[in-house]
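Hello,

The structure we discussed is below, with the sequence.

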Amino acid sequence: MLKKENKIFAVVCTDIQMRKVLMARLAVKLGFAVIPSDAMKLIRQDLEDIDLSTSYFVMVSNYNFRGAVHTNQKLYEMAARGIAVIVGVKSVPREFQFITQAIYPEDF
């Protein structure tokens with residue numbers, strides 16, 4: 001079982017399909033699903049598909065940390081409260097490395 005550090009899980013991969021597969025595996029490790037195909041059903045494409053005010057978890061396959069600062073703050077607050085926040089990214093900018101737990105393909 002993966003240890004939750006109250007940070008944003010950032011699955012880092014340039015290929016979006018591979019990113020989704022890795023996110024599904026992570027969701028299984030965190031206990032959100034039994035098999036990766038079930039976990040794939042929980043992953044959303046964009047953050048706009050999720051209502052952050054009522055979410056019990058956040059799984060987004062295409063996120064950009066350089067977007068809205070307010071959204072980054074909200075996601076970090078959710079993660080700090082113990083809510084699982086998993087985002088798929090191409091890279092983690094240096095200024096956001098302290099609030100993320102980066103997970104790369106070789107970690108699986």
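**Surface patch and salt bridges**

V21 is partly exposed, with a relative accessible area of 32%. Please keep in mind that this is a predicted model. V21 belongs to helix α1, which covers residues 16-29. Together with M18 and M40, V21 forms a nonpolar patch on the surface, and the accessible area of the three together is about 200 Å². Patch membership requires over 30% relative accessible area, and V21 has 32%.

On the charged side chains: side chains of opposite charge can pair when their charged atoms come close. The structure holds two salt bridges.

One is between K41 and D38, where the closest N and O atoms are 3.6 Å apart. The cut-off for a salt bridge is 4 Å. K41 counts as exposed, at 58% relative accessibility, while D38 is partly exposed, with a relative accessible area of 33%.

The other is between E95 and R66, with 2.5 Å between the closest N and O atoms. E95 sits in the loop between β3 (84-89) and β4 (100-103), and R66 in the loop between β2 (57-60) and α3 (69-80), so this pair ties together parts that are 29 residues apart in sequence. As for accessibility, E95 is partly exposed at 39%, and R66 is exposed at 56%.

Regards

Key:
Residues numbered from 1 in each chain as written. Predicted model: local features only at pLDDT ≥ 70, side-chain atom pairs only at ≥ 80, totals over all residues. Heavy atoms only, no water. Patch = residues over 30% accessible without salt bridge, like charges linked within 9 Å, V, L, I, M, F, W, Y side chains within 5 Å. Areas by Shrake-Rupley, 256 points an atom, 1.4 Å probe, with all protein chains shown as cover. Salt bridge = Lys/Arg side-chain N within 4 Å of Asp/Glu carboxyl O. Helix = DSSP H or I, 4+ residues; strand = E, 2+ residues; numbered from the N terminus. Buried < 20%, exposed > 50% of the residue type's maximum accessible area, 1.4 Å probe, protein only.
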